[in-house]
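The following report reads one protein model region by region, and the sequence and coordinates should be kept at hand while reading.

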Amino acid sequence: MGQCRRLHNIRKSTVSILVLILLLPYLRHVINEGRAKLAGIAKDHPRQLVTAPAIHVKHSFEKEQATRNDNNVTVNLCPIVPPNLIGAFFVNMEPESFEEIQKRHPYIKPGGRFQPLDCKSRHRVAIIVPFRDRESHLKILLKNLLPMLERQQLDYGIYVVEMAMPTTFNRAVLMNIGYKEALKDYDFQCFIFHDVDHIPENDLNLYNCQRSPSHLAVSVDKNNYKLPYPGAFGGVVALTKEHVIKVNGWSNMYFGWGCEDDDLYQRIHQNGLKVSRGPAEIGRYKMVKHLRDKTNQKNKDRANLLKGMKTRMRSDGLNSLKYDVLKREYRPLFAYIFVRIPVEGDTKSHH
Ligand code: UDH
Ligand code: MN
């Protein structure tokens, strides 16, 4: 009897273990969903807005006053919290022609300039996009970004800065050029330096500037929505005009891939500023999948350049920027600036 009972128990436990093993994937799924819900992230269905907009709201340093728009009609300053934000939105990764995108945004002016119609924006923002041979990425970006910028009630302009071939790509120098060229058009106060392949997923990620420079691309799908390292400053960052001036812009010396963003991060800290970051569930991006570009190979010198950044930062940056503008066009959805930059990287490599 005792033996039978033991046998029965063994059978019973074998059965429950089997059942457990079979259920394991399902249980894991339930736990993950629970976790995701807690974090405000759900995977395959529309994500609900669980975080109040107030978290990421930034101060306005301007006086609240009625003013006049283009048609000379008095309008009020836009509300501090834009009223039409929707939080997480579905990203559409299919490229679409610029003409189709333009049709949905009839209020955008040549050069990709926009202002809210019924109120005066609190933020004059230039979005600087470093670019070479990524037209499909640009289409995906604009398609998803423009509606979000409008909902955020920004007074914005988009600057696509392309580097002429065959020089090795230099992302940072294009950022500096975008900054300078944008200021020739308008008194922008805030600069969003934006990789063309980073597609935002949440409109609570406000494209404006705060007292501190901020890292906006906090969680990117290619990094499993995790910050790759604590000092990461890649993808999309926001700096005021004053911040850019204070740090002498970006270094011009990083030809090829890597470390130019870390250099800027260190410039910020060397100049007594700090980087701020919003919550990961808001600073979410999808990166368009791509291979390494032939003219943007890993920069073998990047670690050394970064090591010497402190001694160079006062002389290498906005104040040493050299470039020729080959084309400057106010296209319907963005200002296009085509530039050639002197190839210090190449001349150096001859020695
Ligand atoms: N960019 C261009 N054209 C280029 C190179 C870079 O437009 O030829 C710009 C673009 O805005 C891009 C940014 O520079 O988003 C950063 O470059 P990247 O996207 O090449 O950098 P990332 O770190 O990729 O994403 C590095 C190569 C990864 C290869 C992965 C293979 N699985
Ligand atoms: Mn990329």
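Which residues of α6 are buried? In this predicted model, they are E260, D261, D262, D263, L264, Y265, R267 and I268. Helix α6, which spans residues 260–270, is accordingly described as mostly covered, with 8 of its 11 residues buried. The packing partners of these buried residues are α4 (171–185), α7 (302–307) and α8 (309–312). Just after α6, the backbone at G272 takes a positive phi of about 75°.

Strand β12, at residues 324–330, is hardly covered, and the count of buried residues among its 7 residues is 0. β12 runs antiparallel to strand β13 (residues 335–340), to which 6 bridges join it, and the two strands form a hairpin with 4 residues between them. Within this pairing, K327 has F338 of β13 as its bridge partner.

The secondary-structure elements discussed here can be set side by side by their residue ranges.

| Element | Residues |
|---|---|
| α4 | 171–185 |
| α6 | 260–270 |
| α7 | 302–307 |
| α8 | 309–312 |
| β12 | 324–330 |
| β13 | 335–340 |

A residue of interest in helix α4 is E181. Is E181 buried or partly exposed? E181 counts as partly exposed because it has 19 C-beta neighbours inside 10 Å, whereas a buried residue needs 20 or more. Once its neighbours within four places in sequence are left aside, E181 is in contact with Y159 and I337. E181 and R328 are 147 residues apart in sequence, yet their C-alpha atoms are 9.4 Å apart in space.

Turning to the ligand site, 16 residues surround ligand 1, and the closest of them are R132, D195, V196, R292 and D293. When the shell around ligand 1 is sorted by class, it has 8 charged, 6 nonpolar and 2 polar residues.

Finally, the confidence of the prediction deserves attention. The mean pLDDT of the protein chain is 86, and 79% of its residues reach 70 or more. Over residues 32–65, however, the pLDDT is below 50, although this stretch has 40 contacts in the model beyond near neighbours in sequence.

Definitions and conventions:
Residues numbered from 1 in each chain as written. Chains lettered and ligands numbered in written order. Predicted model: local features only at pLDDT ≥ 70, side-chain atom pairs only at ≥ 80, totals over all residues. Buried ≥ 20, exposed ≤ 12 C-beta atoms within 10 Å, placed from the backbone. Contact = placed C-beta atoms within 7 Å. Pairing = 2+ DSSP bridges. Near = placed C-beta within 6 Å. Nonpolar A, V, L, I, M, F, W, Y, C, P; charged D, E, K, R; others polar. pLDDT = per-residue confidence, 0-100.
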